[in-house]
Amino acid sequence: MARAIRILLFSLLTSFLLIAVPIRAQQNPAALSPQEGDFTLHDFHFKSGETLAEVRMHYYTLGKPAKDSNGHTTNAVLILHGTGGTGRQFLSPVFAGVLFGPGQLLDVSRYYVILPDNIGHGKSSKPSDGMHAHFPQYDYDDMVAAQHDLLEKGLGVDHLRLVLGTSMGCMHSWVWGETFPNFMDALMPLACLPVQIAGRNRAWRDMVIQGIRQDPDWKGGDYTTEPRAALQISADFLIIAGGAPLVMQKNLPTRDAADQFVDNAVKRSTAGLDANDFLYAVSSSRNYDPSSQLDKITAPVMFINSADDFINPPELGIAEREIKKVKNGHFILLPISEKTHGHGTHTDAAVWQEHLKELLDSSQH
């Protein structure tokens, strides 16, 4: 029971960051040696009208780029993390151990895998670097524009074999497909919906935003000590949004187990959380809405959600409706099972790798 609770704790707290689930027979990702670097975007213009003289984009890469006879990149794979996450999260056993090893679907001896820390996250430019709440109000279009600049100007990549994104990265995948339709061979969005964020999904995000701003210790974002109530409400909603009823009931079958889990989860979640960074990250989804331009996407799309996802509940029927707008789109709803674990199923590659194989096979040139 203790091990099951530890697994659930780590899984739920990092639904947006790094999903840990029971490890299957996988390659050991410790053998991977990613290259790590920074690229500076100069005079970066945000959609809000704000500018920064320098925006730092941190990234990790695995493998080496390959070029065709015309100098175009042929083997680059861009993998995009969720709200609060980093590129490094994809080096976990449940992801890298399933996909990046010898003979696996994204074997890094064949593919050039790019794992950026997006604006506001990880080691890339973010409010907590010093500007606090005076940092530009970035949105998803800004984040995708920065990713594009990192690829073309920083890494010399002018084409992608695949864009794969989880949660927020899933939504970025749709923006990529519409904004740069000829830039990739295939898209794999995992755990999102290609419509504006409304209903319960918007409601919980707005509760987090307002909860942070209304904490007197937030001080308009210019705090010197992390505001405790702001962190508390952020952690509370992370736990709920990342949870899945079946696995939680199984692993937390008593009141005492559930209460202990909450205590541990909040402590662990708030330990590395910055209120401004999280507020900005949640707020960046405010104007996301790719629904009207889905017909611009020309690359094959393999779109996957899980039926126990609190954030993207299947009963809405939105995914099935919107995928019809995509010329070459396919939607998979993973049924609830002991293999799924809510929103975080997006990073458990063993659950959906067969569909990635189908996408790669069908999009070969």
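This is a predicted model: local features need pLDDT of at least 70, side-chain atom pairs count only at pLDDT 80 or more; totals for chains, interfaces and linings use all residues.
Residues are numbered from 1 along each chain as its sequence is written, and side-chain values use heavy atoms, with hydrogens and water left out. Helices (H or I, at least four residues) and strands (E, at least two) are DSSP runs, numbered from the N terminus.

Let's start with helix α5, residues 199-213, and helix α6, residues 228-242. Their axes come within 8 Å and cross at roughly 165°. Here, axes are lines fitted to C-alpha atoms, for helices over the stretch in contact, and angles run from 0 to 180 degrees between N-to-C directions. The two helices are therefore roughly antiparallel to each other; that label goes to angles over 145 degrees, with under 35 counting as roughly parallel, 65 to 115 as roughly perpendicular and the rest as oblique. The crossing of α5 and α6 is left-handed, meaning that the near helix is turned anticlockwise from the far one by less than a right angle (clockwise would be right-handed).

Who touches whom? On the α5 side you'll find W204, M207, V208, G211 and I212, and they meet A230, I233, S234, F237 and A241 in α6. Contact means heavy atoms within 4.5 Å. Sorted by class, the residues of this contact are eight nonpolar, two polar and no charged. For the sorting, Ala, Val, Leu, Ile, Met, Phe, Trp, Tyr, Cys and Pro count as nonpolar, Asp, Glu, Lys and Arg as charged, and the others, Gly among them, as polar.

Now bring in helix α9, residues 275-283. Nine of its nine residues are buried, so α9 is largely enclosed by the rest of the structure. Buried means under 20% relative accessible area, exposed over 50%, and partly exposed in between (1.4 Å probe, protein chains only). What covers the buried residues of α9 includes α5 and α6. The axes of α5 and α9 come within 10 Å and cross at roughly 150°, so these two are roughly antiparallel as well. In this pairing, R205, V208, I209, I212 and R213 of α5 meet A275, F278, L279, V282 and S283 of α9. By class, that contact has seven nonpolar, one polar and two charged residues.

On to the loops. V157 sits between α3 (140-154) and β5 (162-166), and V157 is buried, with a relative accessible area of 1%. Leaving aside neighbours within four places in sequence, V157 is in contact with T73, A76, Y112, I114, L151, E152 and F183.

K123, in the loop between β4 (112-116) and α3, is partly exposed, with a relative accessible area of 45%. A polar contact of 2.8 Å joins the side chains of K123 and E36. Such a contact is a pair of N or O atoms within 3.5 Å; within protein, one must be able to donate a hydrogen and the other to accept it, and residues adjacent in sequence count only if both atoms are side-chain atoms.

T345 is buried, with a relative accessible area of 2%.
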